[in-house]
Amino acid sequence: MSVHANFDSQDYKDITGYKISACLQVNNRIQDSFFVYIEQVIAPQFDFAPLNMDVPDATEGNKRGTLIISDDNNYRNYKFDNIDLVDYQIHFSHFRKVRLLTFRYSPEITNNGSFCTLTNNQSSKDSKSFRNKFAQTYMYSIQGQGSSESLLSISSKFTRNSNEYIRFGTQRTKDNSFMDLAIKLDEEIPTGGIQSKTITYKGLSATIDKDNFVAIIVDETYGSFLPYSLPPLDEVSVSSSYTDLLKIKYDPLSPFEYLKHAVAPPAGGSIIDNSFSSSIETAVLILENGTFLDHSKSMV
């Protein structure tokens with residue numbers, strides 16, 4: 001399944017990966033904490049389609065336009081209105097050319113709400129098809145979004161004198177989405193505060209409301225970005241800026257790799273490393289201390 005992108009009326013076909021990262025804090029809303037990363041990889045004998053970062057007036061800032069991410073199977077149709085192209089990187093070797101496009105929303109856009117639509121029609125995988133007890137035990141759902149489905153992972157950090165952290169790893173489907181949850185909460189804040197939302201997992205209920213909610217960090221990753229590690233809970237718990245955790249440490253070519261590409265390139269290997277067609281959503285829910293400490297013994 002090929003995934004494509006379009007920005008400023010320019011098509012970028014067969015992109016190798018994308019990453020959508022956002023953070024909502026109860027006191028700050030999303031603001032500028034919303035990034036979209038797109039990676040393209042081509043063989044060295046080809047050229048990338050032109051990328052124009054010019055703006056009519058240099059004082060106007062970044063290139064702003066509509067970004068669309070879609071795929072051949074119509075599973076995803078993501079539209080990001082009025083998003084800024086803030087930079088791009090190129091990394092070339094004897095074996096391949098790589099380009100990273102970085103998009104980021106300005107607070108003036110996100111504060112107005114309804115800045116993106118993230119339609120996904122991917123069906124949930126039957127828990128029995130995983131053939132393990134974890135999939136059938138650790139089912140989850142988000143209030144008002146859809147039927148229960150299997151978690152891919154769950155992590156937590158409970159402490160006595162600090163916030164509580166619960167990390168959910170899921171496949172992005174039409175049934176449940178933490179990114180949709182974050183955007184919904186963001187829209188509610190200026191109109192009277194967030195309304196209670198309940199997330200159920202393994203028979204437990206975690207209800208977030210205006211009294212216990214601190215922040216949510218959400219990431220949707222596809223393709224070549226899947227091997228990139230996400231910030232561990234220890235790093236999240238000591239961070240003074242959750243927004244900084246959304247910025248990737250991008251370095252697709254190590255000295256070993258570009259030496260290997262020149263001396264002994266992979267024989268018959270593909271320049272595209274994608275092995276999975278699914279996109280994976282990871283959410284870190286940050287709650288006030290003491291909210292769900294009892295879950296620490298029930299989650300196991």
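A pocket, as the word is used here, is an open set of grid points with protein on both sides within 12 Å along at least five of seven lines. Keep that in mind. And note that this is a predicted model.

Let's start with the second largest pocket. It holds about 340 Å³ of space. How many residues line the second largest pocket? There are 19 of them. Nearest its centre lie Ser229, Leu230, Pro231, Leu245 and Lys247.

Where does the lining come from?

Nine residues are nonpolar. Seven are charged, and three are polar.

Next, serine 224. This residue sits in the loop between β15 and α4. Is serine 224 buried or exposed? Its relative accessibility is 15%, so it counts as buried, as the cut-off for buried is under 20%. Look also at valine 41. Along the sequence, serine 224 and valine 41 are 183 residues apart. In space, their C-alpha atoms are 9.6 Å apart.

Last stop, the surface. Tyr88, Ile90 and Phe92 make a nonpolar patch there. The patch covers about 300 Å². Take phenylalanine 92 from that trio. It belongs to strand β6, residues 76–92. Its relative accessibility is 44%, so phenylalanine 92 counts as partly exposed. That label applies between 20% and 50%.

Technical notes
Residues numbered from 1 in each chain as written. Predicted model: local features only at pLDDT ≥ 70, side-chain atom pairs only at ≥ 80, totals over all residues. Heavy atoms only, no water. 1 Å grid on protein atoms, 1.4 Å probe; cavity = no way out; pocket = protein on both sides within 12 Å on 5 of 7 lines; lining within 4 Å. Points joined across faces, edges and corners; volume = space filled by probe spheres on them. Nonpolar A, V, L, I, M, F, W, Y, C, P; charged D, E, K, R; others polar. Patch = residues over 30% accessible without salt bridge, like charges linked within 9 Å, V, L, I, M, F, W, Y side chains within 5 Å. Areas by Shrake-Rupley, 256 points an atom, 1.4 Å probe, with all protein chains shown as cover. Salt bridge = Lys/Arg side-chain N within 4 Å of Asp/Glu carboxyl O. Helix = DSSP H or I, 4+ residues; strand = E, 2+ residues; numbered from the N terminus. Buried < 20%, exposed > 50% of the residue type's maximum accessible area, 1.4 Å probe, protein only.
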